[in-house]
Amino acid sequence: MYEQLLSTMDGSSEGDKDLAGELALAKRLFAKVTVVTATEPWTEAVPLNLTRLADPPRPC
Amino acid sequence: MFKNILIATDGSELSGKAVAAGFDLARQLRAQVTVVTVTEPWTALVAGDAAFGFPIDEYEKAADDSAARILSGASKLARKADIACATLHVKEQYPSEGILDIADKKACDLIVIASHGRRGLERLLLGSVAVKVLTHSRVPVLICR
């Protein structure tokens, strides 16, 4: 049966609720869980015409 | 946790994997299982002149026979695995709608289904039942490959 579960989170409350269910499932299955969150590339998150306004933060 | 699992099958080899996976999960979670197979309305399969060559009563008999064969196979597997399993043939509905309907009516808390992994033109023409179920389901869906 399933021994390795991948759980995805985006920080939303729905995601938190899902994680609780996934952990409960993993416990019943004696499975390991990896929790992953993904962030988009900067260029995809910011439309081209806004990239000048939304420069990535620079170190002080 | 999941207590009432719905397993959808069309009798294909890949669906067989979903049935086996659903039974495994049900055994570990001590859940009850309903196995469902859905046959489409005659009108969805036959149009125009072809309808004369494939009368509705013959289609219904073929659909009933096929569903009975699929479900008896699943029942045998369930008995072997010592799992409480009900079987259901939903007639004259599009598969994704039939599956979601039964999941609602039976208050299932997990749907297990195989994805045939169609691509390109085949996917465009035939669509994906699994994707439709996943998109519209109100409960978690386990897609087996």
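This is a predicted model: local features need pLDDT of at least 70, side-chain atom pairs count only at pLDDT 80 or more; totals for chains, interfaces and linings use all residues.
Next, step back into H1(B) itself, residues 13-29 of chain B. The helix comprises 17 residues and extends 25 Å from its first C-alpha to its last, close to the 24 Å expected at 1.5 Å a residue. Colour its buried positions: B:Ser15, B:Ala18, B:Val19, B:Ala21, B:Gly22, B:Phe23, B:Leu25, B:Ala26 and B:Leu29. An α-helix has 3.6 residues a turn, so residues three or four places apart point the same way.

Which residues in H1(B) and H4(B) meet? Display B:Val19, B:Phe23 and B:Arg27 on the H1(B) side, then B:Ala74, B:Leu77, B:Ala78 and B:Ala81 on the H4(B) side. Six residues of this contact are nonpolar and one is charged, with no polar residue among them. Two of the H1(B) contact residues, B:Val19 and B:Phe23, also belong to the buried set of that helix.

Finally, move to chain A. Tracing the chain along the sequence gives the pattern β-α-β-α, with two helices and two strands. Of its 60 residues, 18% are buried. Among contacts in chain A with a separation of 6 or more, 59% involve residues 24 or more positions apart.

Note on methods:
Residues are numbered from 1 along each chain as its sequence is written. Chains are lettered from A and ligands numbered from 1 in the order in which they are written. Side-chain values use heavy atoms; hydrogens and water are left out. Axes are lines fitted to C-alpha atoms, for helices over the stretch in contact, and angles run from 0 to 180 degrees between N-to-C directions. Helices (H or I, at least four residues) and strands (E, at least two) are DSSP runs, numbered from the N terminus. Contact means heavy atoms within 4.5 Å. Ala, Val, Leu, Ile, Met, Phe, Trp, Tyr, Cys and Pro count as nonpolar, Asp, Glu, Lys and Arg as charged, and the others, Gly among them, as polar. The expected span of a helix is 1.5 Å times one less than its number of residues. Buried means under 20% relative accessible area, exposed over 50%, partly exposed in between (1.4 Å probe, protein chains only).
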